[in-house]
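Hi,

Here is the structure I promised to pass on. Have a look at it first, and then read my notes below.

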2 protein chains.
Amino acid sequence: MNFLEEEIIKNGTIKPGNVLKVDSFLNHQINPQLVYEMAKEWQIRFKDKNINKILTIEASGIALATMLGYILGVPVLFAKKSKTSNLGNDVYKAEVKSYTHNTINNIYVSKSYLNENDHILIVDDFLANGCALLGLLSLCNDAKAKVEGIGIAIEKGFQEGGKKIRDLGYQVESLAIIDSMDSFNKKIKFR
Amino acid sequence: MNFLEEEIIKNGTIKPGNVLKVDSFLNHQINPQLVYEMAKEWQIRFKDKNINKILTIEASGIALATMLGYILGVPVLFAKKSKTSNLGNDVYKAEVKSYTHNTINNIYVSKSYLNENDHILIVDDFLANGCALLGLLSLCNDAKAKVEGIGIAIEKGFQEGGKKIRDLGYQVESLAIIDSMDSFNKKIKFR
């Protein structure tokens with residue numbers, strides 16, 4: 001088991017319906033030392049890529065992206081989930097379906113910060129059905145930015161997102177891939 | 001001028017209505033090296049305080065809080081702007097009025113991660129009328145957590161928030177305090 005898998009076993013909580021709660025260290029309370037370790041691991045896994053920007057989506061992804069951007073020495077861009085007044089009108093927009101909340105939402109990035117010269121590393125906390133990630137890929141596609149890779153903290157390997165995105169040809173590096181979890185016996189099986 | 005004031009002059013944009021856009025380095029695109037410098041500065045300014053947790057509010061505050069938590073070696077907690085299903089019901093709640101969007105929204109933290117043993121350093125990107133900050137203070141008050149200080153990136157010194165919060169007895173350390181800004185002449189006067 002790697003450091004993230006150990007943390008999931010120690011501090012994650014399995015809820016019925018294949019819900020994994022990691023709000024004690026990743027998406028409500030955050031363990032920044034763990035985030036640093038994760039960012040260092042992505043640095044190793046994408047060491048052959050020439051990356052000039054990190055892209056993520058608010059909110060939890062921002063912690064991961066900021067630390068990775070710091071380590072790689074490149075700026076971070078986070079897609080916004082609402083078109084706030086100070087974002088302006090010159091934006092790329094993508095639709096993201098949320099299965100958890102049964103909604104379709106738009107995400108936005110300003111055209112000022114994503115363009116055809118960008119070599120993007122996308123990071124996010126979770127990969128399950130892949131909808132958020134497809135939205136971020138769509139933004140990069142619209143901007144003609146090149147996606148060099150995708151760093152994920154926790155992938156639900158029993159959902160279709162990871163396969164779908166890898167089948168599109170992207171290098172997806174998930175630090176923990178869960179093959180199955182059992183809320184009754186409190187067991188998690190990692191790939 | 002300090003490093004943040006220089007960055008504001010170089011890359012900030014003044015819009016009519018006392019709007020300062022810093023989305024090229026702080027709240028859409030993020031410069032993580034700058035964030036690191038800011039966190040180091042807060043570490044110096046609060047060096048006499050015994051801090052065991054950083055509290056912020058999504059989304060932009062997460063970048064600042066994560067870096068500061070990393071440097072201080074303490075966990076980070078970010079208040080959520082919506083009561084997502086995985087937050088649970090055992091939450092502290094506060095109201096935050098947004099003058100920008102003319103709305104009243106609730107913010108939430110789980111009771112699991114804020115309690116009477118906590119010595120909190122609050123950080124956020126902006127302080128203007130102080131509404132978001134008052135919401136965070138209210139969460140800490142409900143949890144009986146002690147607020148040791150407040151670190152702000154950019155304070156609009158011509159709005160009442162800074163005075164209001166300092167009058168309550170809190171140590172507020174804003175890295176750039178704007179006394180006036182002029183969208184016609186593109187001039188910013190720092191305190």
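Let's start with two helices. α2(A) passes α3(A) in a right-handed crossing (a crossing is right-handed if the near helix is turned clockwise from the far one by less than a right angle, and left-handed if anticlockwise). Helices (H or I, at least four residues) and strands (E, at least two) are DSSP runs, numbered from the N terminus.

Before going further: this is a predicted model, where local features need pLDDT of at least 70, side-chain atom pairs count only at pLDDT 80 or more, and totals for chains, interfaces and linings use all residues. Residues are numbered from 1 along each chain as its sequence is written, chains are lettered from A and ligands numbered from 1 in the order in which they are written, and side-chain values use heavy atoms, leaving out hydrogens and water.

Back to the pair: α2 covers residues 32-45 of chain A and α3 covers residues 61-72 of chain A, and they pack at about 55 degrees with their axes 9 Å apart. Axes here are lines fitted to C-alpha atoms, for helices over the stretch in contact, and angles run from 0 to 180 degrees between N-to-C directions. That makes α2(A) and α3(A) oblique to each other (under 35 degrees is roughly parallel, over 145 roughly antiparallel, 65 to 115 roughly perpendicular, and the rest oblique).

Which residues meet there? On the α2(A) side they include A:V35, A:M38 and A:W42, and on the α3(A) side A:L64, A:M67 and A:I71 are among them; contact means heavy atoms within 4.5 Å. The contact divides into twelve nonpolar residues, one polar and one charged (Ala, Val, Leu, Ile, Met, Phe, Trp, Tyr, Cys and Pro are nonpolar, Asp, Glu, Lys and Arg charged, and the others, Gly among them, polar).

Most residues other than glycine have a negative phi, and most peptide bonds are trans. The bond from A:E58 to A:A59 is cis, with omega near 5 degrees, and A:A59 is in the loop between β4 (53-57) and α3 of chain A. In chain B, the bond from B:E58 to B:A59 is cis too, with omega near 5 degrees.

B:K144 has a positive phi, near 60 degrees, and lies in the loop between α4 (131-143) and β9 (146-156) of chain B. Is B:K144 buried or exposed? With a relative accessible area of 64%, B:K144 is exposed (buried is under 20%, exposed over 50%, partly exposed in between, with a 1.4 Å probe and protein chains only). B:K186 has a positive phi as well, near 55 degrees, and at 54% B:K186 also counts as exposed.

Cheers
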